[in-house]
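Please look at the arrangement of the chains before turning to the individual sites. The paragraphs that follow take up the symmetry, then a ligand, then a metal site and finally a single residue.

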Protein chains: 2
Amino acid sequence: MNYIQQRFKVSFEYKVFFTEGLFSSRNPIFNEVLKEDHQENYSKKILFVIDDKIIQHFPDLDKQIDDYFAGNEYVQLIKEKIIVAGGEISKNDGQYLEKVIDAVNRNRIDRHSYIVGIGGGSVLDLTGYAAAISHRGIKVIRIPTTVLSQNDSGVGVKNGVNYKGKKNFLGTFAPPFAVFNDYEFLTTLDDRDWRSGISEAVKVALIKDEGFYQWLEDHAEDLVNRDKSSMEYLIKRCAELHVEHIGGGDPFEFGSSRPLDFGHWSAHKLEQLSNFDVLHGEAVSMGIALDSLYSALAGLLPQEDADKIVRLLLKMGLPVTHELMHLDRIDHPIFLGLQEFREHLGGQLTIMLLKEIGVGYEVHALDLELMMQAAQKLQNFNQSDLKLSAQC
Amino acid sequence: MNYIQQRFKVSFEYKVFFTEGLFSSRNPIFNEVLKEDHQENYSKKILFVIDDKIIQHFPDLDKQIDDYFAGNEYVQLIKEKIIVAGGEISKNDGQYLEKVIDAVNRNRIDRHSYIVGIGGGSVLDLTGYAAAISHRGIKVIRIPTTVLSQNDSGVGVKNGVNYKGKKNFLGTFAPPFAVFNDYEFLTTLDDRDWRSGISEAVKVALIKDEGFYQWLEDHAEDLVNRDKSSMEYLIKRCAELHVEHIGGGDPFEFGSSRPLDFGHWSAHKLEQLSNFDVLHGEAVSMGIALDSLYSALAGLLPQEDADKIVRLLLKMGLPVTHELMHLDRIDHPIFLGLQEFREHLGGQLTIMLLKEIGVGYEVHALDLELMMQAAQKLQNFNQSDLKLSAQC
Ligand SMILES: NC(=O)c1ccc[n+]([C@@H]2O[C@H](COP(=O)([O-])OP(=O)(O)OC[C@H]3O[C@@H](n4cnc5c(N)ncnc54)[C@H](O)[C@@H]3O)[C@@H](O)[C@H]2O)c1
Ligand SMILES: NC(=O)c1ccc[n+]([C@@H]2O[C@H](COP(=O)([O-])OP(=O)(O)OC[C@H]3O[C@@H](n4cnc5c(N)ncnc54)[C@H](O)[C@@H]3O)[C@@H](O)[C@H]2O)c1
Ligand SMILES: [Zn+2]
Ligand SMILES: [Zn+2]
């Protein structure tokens, strides 16, 4: 055969910082990161894309950013901030993608300049995608402002927007230039968003780290009561587990296996079927509960462990079922999620289940009858738990 | 500082095949490539996106493809072929991108399946981009059908579409899964497209390979006369130089240097200003001529070498100037191309010039007065050459 062989490797690296008061004049971190990347004879630009809820909750932020970068020797701040609607709408409605791309064009942001996203996972996914496709990839800096995005989505290598309601149908793998996790942002989250971010921590603990799972059980109450140092630990440990997983494995997911998507096949579909009324973390909580009970019914996981997991989620104030999750027939719409999940990952269907707490187990088929039983059990679980909490 | 460090490498590889009659039942190459990538228990899909000029010139192709994949054990052919307008319009008009994405969605093409682009560089850039952003990257197979795409764009790692007339404003770096260069497609090119692909060969020879440049001089006439074996050699050598350059250097262009863009700063702008009436390869020819004469005026390249280059281009039937290239003032629209070029590459302006035939030399600023002189010289060159050819 007559051919030329191409072969090369590309190196990626970035840091995930943990800090507070990122834009305080006394906090040098951001500036130091820019300094390290400075190029002689060339002044980079920096453009901010911000979640509208952050603007509402932190009305001084705009000015703080202006002050922080005033007279900066490494970057030239674009004064105009691009405000996008927070939440899934930013990924669902094409106007927000267009808005960011248009700002890149108008402000002549180049590939060596920076786009900074400040917001929840949705706004970061949008910003990361816009940056990734502009000029074949502008550097993106993420400043996650929700529990979920600080411990999970914000520290990884993926971005995306939805297409015709399909989650993340459009997206790329594009490592960030840097991530800044600033605890202060989390203080304005409402309880629902606060809690929903915890489910990804339960997920990663279940798959990877029994000790961390134990810690979560021990600190469930502190976490629900918004204890700061507990949440800081949760975020850091969870981010570490994610970063290790990505760097140590198959970062751009050339294979079909995606262990961190434990509980996600039903979660993504539920989000979509509920028109995104159910938050990602809430849906993941239900998905974890479902697949844990299924793991037990399938004889993989001891039943008492599955029950423990569901109780922990309930203790965290997370939902474990929903009327759209009453899987009472084989053609239930949630089951379409299996096919979409396979399609999105590609290749053979690969679903992560649990063997032990802290140890996952991959399968390539699910028994839908058993899955319906698991869903049924969860409904009962929910009712008996409601009774329990009424007693307290 | 409190941070987590992420670091990883991602490996890429692909082959560029040279063949004829790719879809003949006697040609096993395509099938062998699919066989190597086969996964047990899972049948991949294969979706074709085809340049409408190819459909016109090869009316049997559709059926040939159907026959080639009938009963194939590795892939399931999507019968519907996605036909897109050939030429720059496919990158300029958003409806074609939408058409490909929609086909991916409707046919449920996943990340382990294949999208095959058959066409010129424009259709391949569009197809590659659509594949790269769908499900965070579907495997793309390129079947380039022009001289330019077989020797240059089709063998590299870039894709893209235009945005508000700006060339490749949206795009990604995404190595193909495989490339099949089938000589047969080139036989139906009109002379303009045939010749315009030759300019990229002159370019890469000038920057990298004096011997190849010499070969081009010796075979100029054969090439213009569409001698098959000369063109085969040109394409293979040029593809080799590209593949080596990409694999050996900075494949995803994290730096600001892009040696293979010799002659391109003005070329991209000219294409745009002419509403893409000027073909990419024609514009590159003019850009090479301009930057070669400039290199001489700037004292880098011997004048006789610059003249030799211009004469070679003219001998190849390529244009060396255009009314839009009469750079008679410092605010000439072509000069805006410098800024857009810098912006697209990012960082400090970096322009490749020539020191010798076969040896490039990078600079970070241009003297616009000298550039105007170079443009002026080219106009005269063109006239005297026209006289010369009238004499023959
Ligand atoms: N890229 C990845 O790897 C990855 C991984 C997991 C999840 N995700 C995606 O992340 C998204 C969910 O992200 P999320 O859970 O962060 O929710 P979100 O971004 O949808 O935000 C939830 C709500 O909180 C608001 N908000 C954000 N920060 C706030 C703050 N500090 N105070 C008050 N309100 C605030 C937002 O405006 C929004 O209304 C989903 O689209 C999910 O698919 C991506
Ligand atoms: N991705 C990269 O790295 C890269 C590099 C260089 C150029 N490019 C891009 O490639 C594009 C130019 O590609 P091109 O020169 O191949 O031209 P093209 O794709 O624009 O095609 C030119 C014309 O030839 C027709 N055509 C294609 N194959 C034919 C055939 N076999 N017979 C008859 N007609 C045929 C097309 O329909 C079109 O009308 C530009 O958009 C340029 O920016 C990309
Ligand atoms: Zn998740
Ligand atoms: Zn080119």
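**Symmetry, ligand and metal site**

Chain A is superposed on chain B by a rotation of 180° with 0.0 Å of shift along its axis, at an RMSD of 0.0 Å, where copies are fitted by least squares on the C-alpha atoms of residues with pLDDT of at least 70 in both. That is the relation of a two-fold axis, and in chain A the C-alpha nearest the axis belongs to Val10(A), 2.7 Å from it. Because 100% of the interface residues of chain A are also interface residues in chain B, the copies meet through the same surface.

The model is predicted, so local features need pLDDT of at least 70 and side-chain atom pairs count only at pLDDT 80 or more, whereas totals for chains, interfaces and linings use all residues. Residues are numbered from 1 along each chain as its sequence is written, chains are lettered from A and ligands numbered from 1 in the order in which they are written, and side-chain values use heavy atoms, with hydrogens and water left out.

Ligand 1 is surrounded by 25 residues, of which the closest are Asp51(A), Gly121(A), Ser122(A), Thr146(A) and Lys167(A); a residue is counted if one of its heavy atoms lies within 4 Å of the ligand. The helices α2 (52-57), α6 (121-133) and α7 (147-151) of chain A each supply at least two residues of this shell, helices being DSSP runs (H or I, at least four residues) numbered from the N terminus. An oxygen atom of ligand 1 is 2.5 Å from an N or O atom in the side chain of Thr146(A), and a nitrogen atom of ligand 1 is 2.7 Å from a polar backbone atom of Phe185(A). Taken alone, ligand 1 exposes 870 Å², and the protein buries 90% of that, with areas from the Shrake-Rupley method and a 1.4 Å probe.

In chain B, the zinc ion (ligand 4) is coordinated by Glu200(B) (OE), His264(B) (NE2) and His280(B) (NE2), at 2.0 to 2.2 Å; donors are N, O and S atoms within 2.8 Å of the metal (3.2 Å for Na, K and Ca), and water is not among the atoms, so sites may look incomplete. Glu200(B) in helix α9 (residues 198-208) and His264(B) in helix α13 (residues 264-273) of chain B are 64 residues apart, a pair that links distant parts of the chain. Both Glu200(B) and His264(B) are buried, that is, under 20% relative accessible area, with exposed meaning over 50% and partly exposed in between (1.4 Å probe, protein chains only).

In chain A, Ser266(A) lies in helix α13 (residues 264-273) and is buried, with a relative accessible area of 0%. Leaving aside neighbours within four places in sequence, Ser266(A) is in contact with Gly287(A), Leu290(A), Met325(A) and Ile334(A), contact meaning heavy atoms within 4.5 Å.

Notes:
A polar contact is a pair of N or O atoms within 3.5 Å; within protein, one must be able to donate a hydrogen and the other to accept it, and residues adjacent in sequence count only if both atoms are side-chain atoms.
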